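Here's a quick briefing to read alongside the structure. Take a look at the fold first, then run through the points below.

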Amino acid sequence: MKYFAYFILILFSFSCAQKTEHSEIEISPVPMVDIQAELDAIEETRAAFQLAIKEKRYGDLAQYSTDDFIGVSPGSVEWLEYKREREQKLGMFSYDSIRMRPQETVIVSDSVAYDFGTSSVFYTNSEGESVELFDTFLVILKKDKKDGIWKIHREVASAIIE
């Protein structure tokens with residue numbers, strides 16, 4: 001047992017005498033986000049989206065959303081009537097125009113933002129009358145890594161206007 005204690009003491013002495021190497025952690029700099037440039041880019045996307053609807057370029061709308069986009073429409077009587085008409089007679093997407101009025105746009109990071117506001121959607125019903133629908137929306141936007149364009153990722157809308 002005496003030799004074992006000497007052995008441990010010698011082993012401990014050698015292990016403590018060895019010089020330890022400190023590995024340095026490399027911290028890559030966080031890219032600075034130009035908030036105003038990103039807000040301007042989101043506004044460009046919003047304007048292009050609204051123009052595509054006004055010009056009835058419905059086939060172009062997919063370029064303004066992520067591939068895994070999920071949206072929840074308002075559930076009021078007026079919105080449900082629009083949905084019913086759209087499914088029966090008007091085609092899959094049939095807004096005449098949309099006017100978005102953002103109240104708050106926040107850049108969360110270099111690739112995520114959210115947009116909160118109200119909008120008016122206009123469509124022509126089966127009687128040929130122009131109908132205006134109102135909603136409050138909250139949209140999560142993601143910046144596409146391939147083309148650098150902000151796109152709608154999630155949308156939740158309510159017929160209650162605040």
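**Charged pairs and the core**

Asp60 comes out as partly exposed, at 30% relative accessibility. Keep in mind that this is a predicted model. Asp60 has a partner in Arg57, and their side chains form a salt bridge (2.7 Å, N to O).

**Around Arg57**
- Arg57 sits in the loop that runs between helix 2 (35-54) and strand 1 (65-72).
- Beyond its neighbours up to four places away in sequence, Arg57 touches Ala48, Leu51 and Ala52.

**Other salt bridges**
- The count of salt bridges comes to ten.
- One of them joins the side chains of Arg46 and Asp115 (2.5 Å, N to O). Arg46 belongs to helix 2 and Asp115 to strand 3, so this pair ties together parts 69 residues apart in sequence.
- Arg46 is buried at 7%, and Asp115 is buried at 4%.
- Asp147 and Lys151 also pair up through their side chains (3.4 Å, N to O). Asp147 is partly exposed at 42%, whereas Lys151 is buried at 11%.
- Shared partners link Glu43, Arg46 and Asp115 into one salt-bridge network.

**The nonpolar core**
- The largest nonpolar core has 21 residues, and Phe49, Tyr95, Ile98 and Leu141 touch the most other members.
- At least two core residues come from each of helix 2, helix 3 (77-90), strand 2 (97-107), strand 3 (112-124), strand 4 (130-143) and strand 5 (150-158).
- Setting aside neighbours within four places in sequence, Ile98 contacts Phe49, Gln50, Ile53, Ser119, Ser120 and Val121.

Methods. Residues numbered from 1 in each chain as written. Predicted model: local features only at pLDDT ≥ 70, side-chain atom pairs only at ≥ 80, totals over all residues. Heavy atoms only, no water. Helix = DSSP H or I, 4+ residues; strand = E, 2+ residues; numbered from the N terminus. Contact = heavy atoms within 4.5 Å. Core = buried A, V, L, I, M, F, W, Y, C linked by side-chain atoms within 4.5 Å. Buried < 20%, exposed > 50% of the residue type's maximum accessible area, 1.4 Å probe, protein only. Salt bridge = Lys/Arg side-chain N within 4 Å of Asp/Glu carboxyl O.
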